[in-house]
Amino acid sequence: MSYCKTDCIERPISRGFAHLGRFVGRYPWWFLIPPLIISAGLGAGFYFLEDRESNNIDQFTLKNGPAKTEKAYIKEHFPQGEEFSSLRLYTDGTYASLIAVHPTNILTKEIFQEVVKLDQKVKQIQSEGSQKIFTDLCAKDRDLKCVSNPILDIISVSFFTSISGEEELDKISEKHILFFMGTYFVAIIVFIMFSLRLDCVRNKVWVATFGVLSAGLAVLSSFGLLLFCGMPFVMTVATAPFLILGIGMNDVFGMISCWQKTNVKDEVEDRMAETYKEAAVSSTITTLTDAFAFYIGLLIPFQSVQSFCMYTSTAILFCYIYNITFFGAFLALNGRREGSNRHWLTCRKVTPADEHKSNACSVGGAYDPETKKEEEMPMDIFFKKLYGPFLTKPWTKVCVILLYLGYLAAGIYGCFQIQVGTDLKNLAPDDSYVAHHYDNEDRYFSEYGPFVMLVIRDENFRYWNRCARESLNMCLNEFESSDMVAKNMTIFWLEEYEQYGRGAGLDLLDENVFIRYCSTFLNVSGLYQDVNISSGKIVSSRLFIPTVNITTATDEKNMLNFFRDTASTCGLNMDLMVYHPAFISYDQYAVITTDYMYDAVTSLLTTLLIHLLSIPHPCAALWATFANISVTVGVTGLMVLWDVHLDSISMISVAISFSVNFSADISYAFVSSGKKTANGKVIDALYSGGYPIVQGVVSTIAGVVVLSAAESYIFRTYFKIMFLVILFSALHGIVFTPIFLTFFGCCSNKQTQKSSNNQNQNFPDYSAVFVCPNCNHNVQMVLN
């Protein structure tokens, strides 16, 4: 009788890895040396690191956003003249902005006397190196005189310059490099400690060390390769090695666990074949989902996200390759040492231990005499004898389901509380003068928004025509009707020109008169920067509309949408455009939520396809994929409740959520188990995969927890994301997913299962029955 199976891909892959493992075990040096040579060659790419580093604020803004197109138009048609005007800059400009703070009233005679003294001191400042004085560097007016300096210091002062963002991002990188090295070292120590054994022969310290080295070589190779290729190295990439180390060591622990479950009396080649057959398929599943999750992140139009995803996904592939070659080769060499019963440190032969002797320094190589396998680790026994049976009890399942519903409710609630957008002060260190400046700006000037440029791009617009003016005035009235716009404060050269014309007795309704006197008026009034005149024709012009009551990210989003929508609807007879340098940052509001959802859905579909092809049972593949969705919802919701906004920094949470997939390992172990009941399969899956998950979780969190104390929002956000992803993935892997899997078995019949077991005891057991629409025999649901 036929039975339900989807192992037509998994089975040949598993056999292929068994052959590879046997080959690596037979010729380990062939796989140990080449990765070292490749890494040394590609690592030379770090020579270009300084050239590839990108600490520009633009990496956290939308690539090719509408505001950047608008900026290009302003730059072309309204170039910055010699006369300085902060209102008319198309970027943040090259000037300093300061906020003076006094606890009472600054408008007193005594305070202004102090201001004058300070202003004099400022004008005596000389720049380092070039010895230029204030008058050489100051912003100048049309007469080439310094613009009145706003640098005030009454009791406290905060300041900001056009290059402050880039300077502070550089400081973050320099300030935290030793911090990162220390954190990475802590993670490595924890990983190695997990491999300590009392048995002087079975000790896996060197194995774990080479596992860490394998991850390090992967980072060196992948980063060097991308640096050779010219890929920008943004600040967020600095956190990627923590993730690579966690993913790599999770696979390493899995391989060690499978190695320990092989027969110690077998030849190394046979043990390696069994290890690769069991561990490499699971590793392949996680690698494919990890890499695709990050490569999909390249579709998100933020440089900070794209660079992080490119470096991380490439490093994941290298880590996978090096694990099955470089690390596998050392595992085989270590197996030869164990096979000859040599000490893990001195490599000298020691007295073989039997089951009755203690593991002293001179005695080692203990194993279970019945199974001929290495002695079980305490945590393996815990999952097999205590935790697994406890988790599969009916009342435990009910409690876990209630716990899951509470988790899901909290995650969904948090998703509806999401705040969108990057607060620019978060890009600087906590103690930065930039953060102090933004705090004062929010505290004292939050109700005042930017002066938005309204640009008339229609070169055929008839400024002198009464009907055209009335149409334009109707648009201005529509803008000013909003509560977000200050009334009667619009700066418009045409209104000034009309007053000038009335005073001079000019008929500005006449085209020739209008054009003839326009240039003269603009030069006299100082508004010449607001009109682009070429060949006696007004190509474009602009006016400035002040905004108010812009205090939150939602207000910024609403203001941006209002101005753009109004410009597009009221300018049916003219070509209008709105712009302000802040719009470059505001553009993210229009796409960040949809891009986040698109990234999540695309990752979901890709992950589902990979799981269906690699996990030899469709329902287990569906549950593994559902776990990814559940983790992403929980991470997003709890991330928001933990005061993390959805921005170009936190958007990496989708890729990380899909990359850490402990549920896939458990699901694969579940369907590969030879047990006959669903509960038995779950206990067996936890026995084989539970401890590696715990090792990966504890080690990774121990490595990134130090980032929680970093004086940078960027790195603290990364810690929060990693902590939530690791925690929730582990919760799903060893709690939620096993419970859901016990509700379903795998479809087969006993005769087929018995035959399969006679052929290969390690072949996946499909004995438990399950509702399967593709099965040709009677099936039923079993709730254990």
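**Cavities, salt bridges and a disulfide**

The second largest cavity is lined by R197, F253, I256, S257, Q260, D380, Y691, P692 and Q695. A cavity is here a set of points, on a 1 Å grid over the protein atoms alone, where a 1.4 Å probe fits but cannot get out, and lining residues have an atom within 4 Å of a point. The model is predicted, with local features requiring pLDDT of at least 70 and side-chain atom pairs counted only at pLDDT 80 or more, whereas totals for chains, interfaces and linings use all residues. Residues are numbered from 1 along each chain as its sequence is written, and side-chain values use heavy atoms, with hydrogens and water left out.

The volume of this second largest cavity is about 60 Å³, a volume being the space filled by probe spheres set on grid points that are joined across faces, edges and corners. Its lining divides into four nonpolar, three polar and two charged residues. In this classification Ala, Val, Leu, Ile, Met, Phe, Trp, Tyr, Cys and Pro are nonpolar, Asp, Glu, Lys and Arg are charged, and the others, Gly among them, are polar. Helices α9 and α24 each supply at least two residues of the lining, and α9 gives the most, with four. Helices (H or I, at least four residues) and strands (E, at least two) are DSSP runs numbered from the N terminus.

In total, six cavities of 30 Å³ or more are present. The largest cavity has a volume of about 130 Å³. Sixteen residues line the largest cavity, and I247, N250, S659, V660 and F662 lie nearest its centre. Two or more lining residues come from each of α9 (240-260), α10, α23 (662-672), α24 (678-704) and α25 (713-742). Helix α9 again contributes the most, here with five residues. By class, the lining of the largest cavity comprises six nonpolar, seven polar and three charged residues.

The structure holds 13 salt bridges, each defined as a side-chain nitrogen of Lys or Arg within 4 Å of a carboxyl oxygen of Asp or Glu. One of these joins the side chains of R22 and D270, with an N to O distance of 2.4 Å. R22 is in helix α1 (residues 10-26) and D270 in helix α10 (residues 268-296), so the pair ties together parts that are 248 residues apart in sequence. R22 is partly exposed at a relative accessible area of 30%, and D270 is partly exposed at 29%. Buried denotes under 20% relative accessible area, exposed over 50%, and partly exposed the range in between (1.4 Å probe, protein chains only).

A salt bridge also links R457 to D575, whose closest N and O atoms are 3.2 Å apart. R457 belongs to the loop between β7 (448-456) and α15 (466-480), and D575 to the loop between α18 (553-570) and β11 (576-579), so parts that are 118 residues apart in sequence are tied together. R457 has a relative accessible area of 29% and is partly exposed, as is D575, at 33%. In a further salt bridge, the side chains of D587 and R564 meet at 2.8 Å, N to O. D587 lies in the loop between α19 (583-586) and α20 (588-614) and R564 in helix α18, so the pair ties together parts that are 23 residues apart in sequence. Both D587 and R564 are buried. A network of salt bridges links R202, K204, R271, R337, E338 and E374.

Strands β7 and β11 pair in the antiparallel sense over four bridges, where pairing requires at least two DSSP bridges between two strands. M577 of β11 is the bridge partner of V455. Both faces of β11 are covered, with L576 and V578 buried on one side and M577 and Y579 buried on the other.

One disulfide is present, the criterion being a pair of cysteine sulfur atoms within 2.5 Å. The disulfide joins C475 to C570, with an S to S distance of 2.5 Å. The torsion about the S-S bond of C475 and C570 is about 125°, so the disulfide is right-handed. Distant parts of the chain are linked by this pair, with C475 in helix α15 and C570 in helix α18, 95 residues apart. C475 is buried, at 2% relative accessible area, and C570 is also buried, at 14%. Among other cysteines, C347 is partly exposed at 40% relative accessibility, and C399 is partly exposed with a relative accessible area of 43%.

Methods: 1 Å grid on protein atoms, 1.4 Å probe; cavity = no way out; pocket = protein on both sides within 12 Å on 5 of 7 lines; lining within 4 Å.
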